[in-house]
Amino acid sequence: MLAYFLTVDQQILTMFLMVAAGYLLYRFRVLTEHGLAELSQLLLKIVTPMVLLTSFQREFSKEVFFDWVVMFLVSALLYAVHILAVRIVYRDIDAPHCAESRLAVAFPNNGFMAIPLMLALAGETGVFLGSTNIILLNILFWTYGSRTLAPGEPIRTKQILQNPGLIAVVLGLLLLFSPVKLPAPIYQAVYQIGFLNTPLAMLVLGGFLAQADLKAIFKTPAYLRLSALKLLVLPGILIGLLYLLPLSREVKIVAAICSVTPTATAVSMLANVYHRDVSFASGAVVITTLISAVTIPVMMTLAKMLLQF
C-alpha cells in the first residue's frame, strides 16, 4: 500500500509542480488573464476532446462496451449520491452561498484533474471509461446546475448538444462500433494534440489559483466545511458503495478517481452566467484544489485497500 501511495503521490506532485509553474507564470505576467482564457478555450474545445476521441480507437468487444455501460451507471450513482448529500447538508436554498456550495460539492473536476490521473493510473482505457462521467457532468451542468442557480431559467439544451466533449464521445462511440479506425497519420496527429492536456490543464489551473486571495479563503469556515465534505466525507461514502458492487478493476480505479477530485472550475463560470457569487464559487475551486494535493493520494490508497484494484 505504501508503494501505491507513493506512486499516486508522485503523480500528484508532478501535476502540482506544473500548477506551481502556471502560478509563477501568471505572477510574473508571462501569462495574462486573456492568455489564460484562450488556453482554457483551447483545452475545452480542442485538446480534451482529442484525448477523449483517441481513447475510443480500439477494437470493439462486448466486454469493453459492457464496462463502458457499467461505468456510465456507476457515474450516475456517484452524481446521485452527491446531489442527495448536498440537498441534505445545504437545505436552505435561500441561505447565502447555498446554491454555489451545492454545485461546488456536486460537480467534480473530471476534466483538468481527473483525466491526467486516469491516464497515469489506468491508461487510455481509464479515459475511455471516464468519458461517461464527463458526459453526465455536461448534462447535469446545464440542467441541475442551471436550476440550482436560477430556478426560473429554461434548460439550455443547445449548450449540452454543442459541448465539444460530448461531441467527441459521440464520434468516439461511432469509431468504436465501426470496423474502420482512424488512419495512422490522423490518429498520431490527434493523439499528439491530446498529449498537451495534462501540462496545459495544470498551467491554466496554476494561473487560476494565482488570481485568488489564498489567505482570506483559508480563513473562511464555510470553505473548510465544504472541503471536508467534498474531499473526505463523500469520497469515503462513495468508496464504501463501490466496495459493495461487483466491478472490474478498471471501473473501480476510474470510479474512485471520479470520487476524489476537487470542485470543477466550471462552477465559477456557471455562477458568472447566472449572476451569482462568482467570488465564492472561485474560492471553492481554489481551496478544494489545493487541499486535494493531500487528500487524493490518501483517498486513492484507501480505495485500493478496500477495492483491491
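How many helices and how many strands does the chain have?

**Figure 1. Overview of the predicted chain.** The chain has 15 helices and zero strands, where helices (H or I, at least four residues) and strands (E, at least two) are DSSP runs numbered from the N terminus. This is a predicted model, in which local features need pLDDT of at least 70 and side-chain atom pairs count only at pLDDT 80 or more, while totals for chains, interfaces and linings use all residues. Residues are numbered from 1 along each chain as its sequence is written, and side-chain values use heavy atoms, with hydrogens and water left out. For 309 residues a compact globule would have a radius of gyration near 19 Å, and the 19 Å of the chain agrees with this; the radius is taken over C-alpha atoms, and the globule rule is 2.2 Å times the number of residues to the power 0.38. Along the principal axes, the C-alpha atoms fill a box of roughly 55 × 45 × 45 Å. Of the 309 residues, 52% count as buried, that is, under 20% relative accessible area, with exposed meaning over 50% and partly exposed in between (1.4 Å probe, protein chains only).

**Figure 2. Close-up of the largest pocket.** The largest pocket has a volume of about 1400 Å³ and is lined by 45 residues, of which S40, L44, T265, A266 and M269 lie nearest its centre. Two or more lining residues come from each of α2 (33–55), α5 (114–142), α8 (164–177), α10 (197–210), α14 (266–273) and α15 (278–307), and α2 gives the most, with 10 residues. On a 1 Å grid over the protein atoms alone, a pocket is an open set of points with protein on both sides within 12 Å along at least five of seven lines, a cavity is a set where a 1.4 Å probe fits but cannot get out, and lining residues have an atom within 4 Å of a point. Points are joined across faces, edges and corners, and a volume is the space filled by probe spheres set on them. The lining divides into 25 nonpolar, 18 polar and two charged residues (Ala, Val, Leu, Ile, Met, Phe, Trp, Tyr, Cys and Pro count as nonpolar, Asp, Glu, Lys and Arg as charged, and the others, Gly among them, as polar).

**Figure 3. Close-up of the second largest pocket.** The second largest pocket has a volume of about 190 Å³, and its lining includes V51, T54, S55, E124, Y191 and F195. At least two lining residues are supplied by each of α2, α5, α9 (184–194) and α10. By class, this lining has six nonpolar residues, five polar and one charged.

Figure 4. One cavity of 30 Å³ or more is counted, and about 30 Å³ of space lies in the largest cavity. L78, Y79, H82, P108, N110, N133 and C258 line this cavity, with α3 giving the largest share, three residues. S75 is placed in helix α3 (residues 62–89) and counts as buried because its relative accessibility is 0%. Leaving aside neighbours within four places in sequence, S75 is in contact (heavy atoms within 4.5 Å) with T132, N133 and L136.

Figure 5. T295 is found in helix α15 and, at 8% relative accessibility, counts as buried. Apart from neighbours within four places in sequence, T295 is in contact with L231 and L232.
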